[in-house]
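Here is a walk through one structure, from a surface patch to its charged side-chain pairs. Please keep the sequence at hand while reading.

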Amino acid sequence: IARWNEFYNYMSTHNPADPAIYAYIKTQMDVDEFINYQIAEIYAANTDWPQNNIRFWRAYAPGSRWRWMIFDVDYGFSLNTGAGNNTLKLALSAKPPRAYQTLLLRKLWTNTEFRALFAQRFAAHLNTTFTTARVTDHINSLSGAIAPVIPAQAQRWKAPKSVAAWQTELTKLRTFANKRPGYMRTHLANELHVSGTSALTIQVTGQGQVSVA
C-alpha cells in the first residue's frame, strides 16, 4: 500500500507533459502494457470499470514497475449499453466515482508522446486484434463449443431462460463486434481533436511482414 500511495501521490503532483517527468514515470509503471490494458477495457465498453474491478501489482524485485491486469469484464460487450458507449470518455473522466482510478490516464494524456502512442496502438488493435471478423470468429468458436449443453443448462438452471434467449444474447455480441470499431474510431478522433482517418494502401513484393506505427 505504501509503495502504491507513494507512486500515486507522485502522479497527482507532477506533470507528465514534462519529458523528464514522463521519462521517470516510465521507470515506475509499464506504460506500454498500461496502454494495452486501457484499450482492452475501453474497447469492451466495460461500464463496471474503471470505478470498480481494478487490479494492479508490482513485484518486490529492484527495478520492477506497476502493471495492471484484466479483471471481471461481465459488463462488457453491451450488457447494459450499446456498441456506441463512449468508454474512452469515461476512462478520462475526472468526476466521482471514477476520478481516483482515472487519474493516471488523465495525467498521462497531457503528454504528447503518450497520446500519440495510445492513438496509434488503439488504431493498430482495431485493425488486428479487434476486427469484426476476428472477434466474431472468437464468439462463434466459444459459443459453438458450449452449444450442445445449452438446452440442459437452460432446463436445469433457467440461465439462460431458453436456447432462444441464449441465441439472442449471441446476436448482441456479434452486433457489438460489428459496430464497435467504427464507434471507437469516432471516439478517438473526437478525444484527440482530429478530423478522422486516412486510407493507406500497401503493396508488398516478395515475402515478409509490414507493420505501420
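Val 210 lies in the segment that follows helix H9 (163–192); helices are DSSP runs of H or I of at least four residues, numbered from the N terminus. The model is predicted, so local features need pLDDT of at least 70 and side-chain atom pairs count only at pLDDT 80 or more, while totals for chains, interfaces and linings use all residues. Residues are numbered from 1 along each chain as its sequence is written, and side-chain values use heavy atoms, leaving out hydrogens and water.

Val 210 counts as partly exposed because its relative accessibility is 48% (buried is under 20%, exposed over 50%, partly exposed in between; 1.4 Å probe, protein chains only). Together with Leu 200, Ile 202 and Val 204, Val 210 forms a nonpolar surface patch of about 370 Å² accessible area. Such patches take residues with over 30% relative accessible area and no salt bridge, nonpolar side chains being joined within 5 Å and like charges within 9 Å; areas come from the Shrake-Rupley method with a 1.4 Å probe.

Five salt bridges are found in the whole structure, each a side-chain nitrogen of Lys or Arg within 4 Å of a carboxyl oxygen of Asp or Glu. One of them pairs Arg 121 with Asp 32, with the closest N and O atoms 2.4 Å apart. This pair links distant parts of the chain, Arg 121 in helix H6 and Asp 32 in helix H3 (residues 31–43), 89 residues apart. Arg 121 is buried because its relative accessible area is 17%, whereas Asp 32, at 35%, is partly exposed.

Conventions
Helix = DSSP H or I, 4+ residues; strand = E, 2+ residues; numbered from the N terminus.
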